[in-house]
Amino acid sequence: MAPKTDRIKSLRAVRQLRRIRTFYAAGTLVWAASTAWTAWQTPGNRQMWVSALLLAIFAGLLFTATLWLQRLQTDGPAEPAHHAAPRRTARSRHAHA
């Protein structure tokens, strides 16, 4: 059984990865639009290649964050941990007596 603090850290990491994944997705969209625009205006220009490089960096960061998020979500338990013993009903106690 994992300690409670590990679960809290895992939930915090998932939340942070979701936020950063959104940021990287926005950056990827911005640099994709910038790359398309500069490629349309001045194909082969230095600005286009810098924009394409930044697009590749943000796409790689987005892929990495998504991969880590999937791993964190599949490593955690599917159901919450039940620490207490199940309750028996009054009938089942009297039936065994």
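Predicted model: local features only at pLDDT ≥ 70, side-chain atom pairs only at ≥ 80, totals over all residues.
**Exercise 1. Describe the chain as a whole.**

Solution: 
- Buried residues account for 12% of the 97 residues.
- The chain exposes about 8,300 Å².
- Carbon and sulfur atoms supply 63% of that area.
- Now turn to contacts between residues at least 6 apart in sequence: 70% of them join residues at least 24 apart.

**Exercise 2. Classify S51.**
Task: Is S51 buried or exposed? Which residues does S51 touch, leaving out those up to four places away in sequence?

Solution: 
- Locate S51 first: helix α2, residues 46-75.
- Read its relative accessibility, which is 3%.
- Apply the cut-off: buried means under 20%.
- S51 is therefore buried, at 3% relative accessibility.
- Beyond four places in sequence, S51 touches W31, S34, T35 and T38.

**Exercise 3. Classify R19 and find its patch.**
Task: Is R19 buried or exposed? Which residues gather with R19 in a patch of positive charge?

Solution: 
- R19 sits in helix α1, residues 4-41.
- Its relative accessible area is 55%.
- Exposed means over 50%.
- So R19 counts as exposed, with its relative accessible area of 55%.
- On the surface, R19 gathers with K9, R12 and R15 in a patch of positive charge.

Note on methods:
Residues numbered from 1 in each chain as written. Heavy atoms only, no water. Patch = residues over 30% accessible without salt bridge, like charges linked within 9 Å, V, L, I, M, F, W, Y side chains within 5 Å. Areas by Shrake-Rupley, 256 points an atom, 1.4 Å probe, with all protein chains shown as cover. Salt bridge = Lys/Arg side-chain N within 4 Å of Asp/Glu carboxyl O. Lys, Arg positive; Asp, Glu negative; His and termini not counted. Charge placed at Lys NZ, Arg CZ, Asp CG, Glu CD. Helix = DSSP H or I, 4+ residues; strand = E, 2+ residues; numbered from the N terminus. Buried < 20%, exposed > 50% of the residue type's maximum accessible area, 1.4 Å probe, protein only. Contact = heavy atoms within 4.5 Å.
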